[in-house]
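Trainee: Please take me through this model, and let me ask what lies behind each term.

Mentor: Go ahead.

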Amino acid sequence: MARKIVVIGTGYVGLPLAIMLARSGHQVIGVDIEENIVDAINQGVLYLAEEKIRQIFAEPRVRKNLHAQKTPCEADAFIISVPTPLDEQKRIADLSQVVSGVESILPYLRRGNLVVIESTVPPLTLRGLVRSMVEKTALKAGKDIFLCHCPERILPGDVFDEIVNNDRIIGGMDSRASEMAKEIYGSFVKGKLYITDDVTAEFCKLMENTYRDVNIALANEFAAVAEGLGVDIMEAIGLANRHPRVDILKPGIGTGGHCIPIDPWFIKEIDPVNSRLIHAARFINDEVPGKIATKVRRALKDIRNPKIVALGITYKPDTYDVRNSPALKIIDLLREDGYAVKAYDPWVKKYQYPSIEEIAKKADCLLVLVEHKLIKEELARNKTEIEQAMRHPIIMRFYQD
Ligand SMILES: NC(=O)c1ccc[n+]([C@@H]2O[C@H](COP(=O)([O-])OP(=O)(O)OC[C@H]3O[C@@H](n4cnc5c(N)ncnc54)[C@H](O)[C@@H]3O)[C@@H](O)[C@H]2O)c1
C-alpha cells in the first residue's frame, strides 16, 4: 500500500532510501536542513556519484513521487537518517542531530504514525531518548505512535545493489511497529527482513562494524609483529588462511568511513567494563596512519625536500567516500612535518589529474595509499613511463594482494 513518508536527512543513507521508496510508489518528502541538497533533489540533480542510483533517480516515477523541502510535514511514517558522529572529546555518540531531527517532526506526529530511526545509535536510544521526546506530544509509544530501529548496511559505491539485496533487521519497540516498518521496507528490499526488538537491532548494527574493526586490528597487529620478524605478512596470512576455520583479514593503512572507526565507541559508551578488546582495537587501528607516515619519513630520509605524490585519498578502494579517511590523515601528518605532498584520486573530483605520469613528474615518491582498481591498472600499464617521469622512482605500496 502506498504511504506518505517523510525522510529526515537526505545524505548517503537517506537519499537512496527516499529514491527507492519513491520508485516503489510511496509519496516521499525528503527533508534536509541544507538548502543546496533540497534544491538539488527538486531540480533532479544527484550529488551521489553512483550510476545505477542516478538512472533510478531520473525515472519519471521517482521524479513524480519524490519532493524535497527544508521542514517536515504530516505523513504516515517518518524515517530519521541524520548523522550520528563521535563526540571526539568524550568518545561517545553525539546524538544532537537525532535530537533535532526528532524535535522537527513532533508538531506533525499524529495517532497511528510510525517513526523509524535509521541512524546508527547506542543501544537503548530508541526506548530512552526517542521515546521520551515523542511522548512529550501526549501520544503514547506502542499505543498511539509506533517506534522502530531499522539500521542501514549499505556500502557507499555500491548503494543500489546493497539497499535492495542486503538482508535487514527491523527492530520494533512492539510488534505493530515492526509490522508497519516491514511493510514499508518490504516494498523495495529483496533481501530478507528479520524482525526483532529495538535494543537487539541497535546492538546488532554496532556489533557488525565492531566485528570488522577488531578483526582489522588483529590483522594490523599481525603485520607489525611480522615486520619485526622479517616475515612477509601477506604470504603468512595467505598460508594461515589455508586452515579451514581461519579467515584473517588484510592489514591496511587504518580504518575509515562513517561507521567502522566510530560505532565501536558506542558499545564502549554503554558498557566500558566489558569492552576492553573493542577499546584496544580502536587504538590499534587509529595508530596505523602514524606508523605509515613514519615509514615514509624513513624511506625519504636521504632526499632533500622530497616531493611526494599520494595516490588514493578515499577511506577504502573503489569508493568516492573520503569521510575519516586514513589516507588523508597520513597526508596531513606528512604535510605537518613540512613535506610537499600532492594528492591524486580518480574517484574524487577535486583530486583528478590527466594521468599518474603527469602528476608524478619530478616527484621523489609515489605513495600508493588506496589501491583503487583504476590506480592499480594505470600503475601496471604505465609503470616504466611513470618511473622515468619521477626524480627518484620510489614507489611505496602497502599490503597488496
Ligand atoms: N554512509 C554510510 O555508508 C552509512 C551506512 C550505514 C549507516 N549509516 C548511518 O546512517 C546515518 C546517516 O549517515 P549518512 O552517511 O547518510 O550522513 P550524511 O551526512 O551523508 O547525511 C545526513 C544528512 O542529514 C542532514 N541533517 C542533519 N540534521 C538534520 C535535521 N535535523 N533535519 C534534516 N536533515 C538533517 C544533513 O544535512 C545531511 O544531508 C548515520 O547514523 C550513519 O552512521 C551510514
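Trainee: Which residue of β12 is the bridge partner of Ile308?

Mentor: In this predicted model, Ile308 has Val341 as its bridge partner in β12.

Trainee: What makes β11 and β12 a pair of strands?

Mentor: The number of bridges. Two strands count as paired if DSSP finds at least two bridges between them. Strand β11, residues 307–311, is joined to β12 by five bridges in the parallel sense, so the pair meets the definition of at least two.

Trainee: Where do β11 and β12 stand in their sheet?

Mentor: The order is β12-β11-β13-β14, an open sheet of four strands with parallel pairing. Its edge strands are β12 (340–344) and β14 (394–397), each of which pairs on one side only. From one strand to the next, the twist averages 20°.

Trainee: Which helices lie against this sheet?

Mentor: Helix α12, residues 276–299, packs on the sheet and touches β11, β13 (365–368) and β14. Its direction makes about 160° with that of β14. Helix α13, residues 326–336, lies across β11, β12 and β13, at about 160° to β12.

Trainee: Why is the contact between Arg297 and Asp337 called a salt bridge?

Mentor: A salt bridge needs a side-chain nitrogen of Lys or Arg within 4 Å of a carboxyl oxygen of Asp or Glu. For Arg297 and Asp337 the N to O distance is 2.5 Å, so the pair qualifies under the 4 Å cut-off. Arg297 is in helix α12 and Asp337 in the loop between α13 and β12, 40 residues apart. The structure holds 25 salt bridges.

Trainee: What is the pairing in the sheet of eight strands?

Mentor: Mixed. This open sheet has the order β3-β2-β1-β4-β7-β8-β9-β10.

Trainee: Why are β3 and β10 said to stand at the edges?

Mentor: Both β3 (66–69) and β10 (193–197) have a single partner strand, so one side of each is left without a neighbour in the sheet. The twist here averages 25° from one strand to the next.

Trainee: How do you know that β2 and β3 are paired?

Mentor: Again by counting bridges. Strand β2, residues 27–31, is joined to β3 by four bridges, and the two run parallel. The definition asks for at least two, so they are a pair. Ile29 stands opposite His67 in β3.

Trainee: Which strands does helix α1 touch?

Mentor: Helix α1, residues 14–23, touches β1 (4–8), β2, β3 and β4 (77–80), and its direction makes about 170° with that of β1. Helix α6, residues 126–134, also packs on the sheet, touching β7 (114–117), β8 (146–149), β9 (168–172) and β10. The direction of α6 makes about 145° with that of β8.

Trainee: How is the chain divided into domains?

Mentor: Into domain 1 (4–197), domain 2 (206–284) and domain 3 (300–397). The centres of domain 1 and domain 3 are 37 Å apart, taken over C-alpha atoms.

Trainee: How do you know that domain 1 and domain 3 are in contact?

Mentor: Contact means heavy atoms within 4.5 Å. Seven residues of domain 1 are in contact with seven residues of domain 3. The area buried between them is about 600 Å², with 55% from carbon and sulfur atoms. There are zero salt bridges between domain 1 and domain 3.

Methods: Residues numbered from 1 in each chain as written. Predicted model: local features only at pLDDT ≥ 70, side-chain atom pairs only at ≥ 80, totals over all residues. Heavy atoms only, no water. Axes fitted to C-alpha atoms, helices over the stretch in contact; angles between N-to-C directions. Domains from an automatic or database assignment. Buried area = accessible area lost by both parts, 1.4 Å probe.
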